[in-house]
Each structure stands twice: as structure tokens, then as C-alpha cells.
Amino acid sequence: MDQRISFVTLAVADLDRSRAFYLDGLGWAAALDVPGEVLMIKAGEHLVLSLWSEAGFEAEVGPIRRGEGVAPLTLSHNVRTEAEVDAILGTARAAGADPVTEAVERDWGGYTGYFGDPDGFRWEIATNPGPIGQEVLP
């Protein structure tokens, strides 16, 4: 098995709400859009973010665990500068993201903030000055 990820799939409660957030709010473009079923967004050279209706997700993958708290994962979007971090958090806030945390300097040397998409999935917006952080930049 090659060491790579091809798709990140998130089960979403309201696909129309997610479409409005990602496409209209964040300004991303759909690679595939099947209303009521799935929205796929090319998120990298060889990576697709797939937003799948909960019903379709559960039918194929199995029951979704539900409950209080944040899903135990984050999606990270890394940029080159702190100003870019702040600008993207502002865009997310304008798109209706909730919550949105202000970015702060982290103990490990980076500068990051978070926002929640309509289903509560947390996006980290970060600048990471370390070697691994530079590897993920376009």
C-alpha cells in the first residue's frame, strides 16, 4: 500500500448547508456534486474532500457514533504567513463558521486557529515553520 491518502470523507447532516458553506462561503469549487448524496471537492493534487450525506454514509460504512463533544480529528490547511491564517479565519467567520478561535502562537513554534464547519468538524488554519510544515505547502 502506498503511503498516501486519496479521499477524506466526512458524513454531514445537511448536504445543502455544507455545500453553501464550502462553495459559497469559502469559495471552493465542486469536482462532483450529486444533490442529496455527495459533494466532492478537489483539495490537493491527489486528494479529494468528500462530503457525504449521513444516510448514504451509514448505509455503506455503518452507524455513526453520536454524542457530545468534538469529533476526534482535525483537518488542517497550512499557509505560509500569519496574515494568511488570520485572513482565512476571517473568511470562515464570514461564511458562518462556528466556532472560530483566534489564532495564537503555539509552544511548538507555529501560529494556528480553528473553525468549525456546519457539522462541527474542526479545521485548523496554520503556519508551521518546521520542515514538515514546509513539505505540505504548494
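Some ground rules to begin with. Residues are numbered from 1 along each chain as its sequence is written, and side-chain values use heavy atoms, with hydrogens and water left out. As the model is predicted, local features need pLDDT of at least 70 and side-chain atom pairs count only at pLDDT 80 or more, while totals for chains, interfaces and linings use all residues.

I start with the open sheet. It has 4 strands in the order β1-β4-β3-β2, and the pairing is mixed. Strands count as paired if DSSP finds at least two bridges between them. Which strands stand at the edges? They are β1, residues 7-12, and β2, residues 32-34; each has a single partner strand, so one side of each is left without a neighbour in the sheet. On average, neighbouring strands of this sheet are turned by 15 degrees against each other, direction ignored. Axes here are lines fitted to C-alpha atoms, for helices over the stretch in contact, and angles run from 0 to 180 degrees between N-to-C directions.

β1 and β4, residues 47-53, run parallel and are joined by 6 bridges. Within this pair, Thr 9 stands opposite Ser 50 in β4.

Two helices lie across these strands. Helix α1 lies across β1, β2, β3 and β4, and runs at about 30 degrees to β3. Helix α2, residues 54-61, lies across β1 and β4, at about 100 degrees to β4.

Phe 57 sits in helix α2. Is Phe 57 buried or exposed? Its relative accessibility is 17%, so Phe 57 counts as buried. The cut-offs are under 20% relative accessible area for buried and over 50% for exposed, with partly exposed in between, using a 1.4 Å probe and protein chains only. Not counting residues up to four places away in sequence, Phe 57 touches Thr 9, Ala 11, Trp 52, Gly 62 and Ile 64. Contact means heavy atoms within 4.5 Å. Phe 57 and Val 12 are 45 residues apart along the chain, and their C-alpha atoms are separated by 8.7 Å.

Next is helix α3, residues 82-94. Its 13 residues reach 19 Å from first C-alpha to last, close to the 18 Å expected at 1.5 Å a residue; that expected span is 1.5 Å times one less than the number of residues. The buried residues of α3 are Val 85, Leu 89 and Ala 92. They cover an arc of only 60 degrees around the axis, which puts them on the same side of α3. That arc is taken from the directions from the helix axis to the C-beta atoms. Ala 83 and Ala 94, on the other side of α3, are exposed. What do the buried residues of α3 pack against? They pack against α1 (15-25), β7 (111-116) and β8 (122-127).

After α3 comes Gly 96, with a positive phi near 100 degrees. Further on, in the loop between α3 and β6, Asp 98 and Pro 99 are joined by a cis peptide bond, with omega about 0 degrees. For background, most residues other than glycine have a negative phi, and most peptide bonds are trans.

β6 and β7 pair in the antiparallel sense over 2 bridges, with Glu 105 opposite Tyr 111 in β7. β7 and β8 are also antiparallel, over 6 bridges, and Gly 113 stands opposite Ile 125 in β8. Their hairpin has 5 residues between the strands, and Gly 120 in the turn has a positive phi of about 90 degrees. In β7, 5 of the 6 residues are buried, so this strand is largely enclosed by the rest of the structure.

Thr 112, in strand β7, has 1% relative accessibility and counts as buried. A polar contact of 2.6 Å joins its side chain to that of Arg 106. A polar contact is a pair of N or O atoms within 3.5 Å; within protein, one must be able to donate a hydrogen and the other to accept it, and residues adjacent in sequence count only if both atoms are side-chain atoms. Thr 127, in strand β8, is buried at 11%. The side chain of Thr 127 reaches the backbone oxygen of Arg 80 at 3.1 Å, and a polar atom of that side chain lies 3.3 Å from the backbone oxygen of Val 79.
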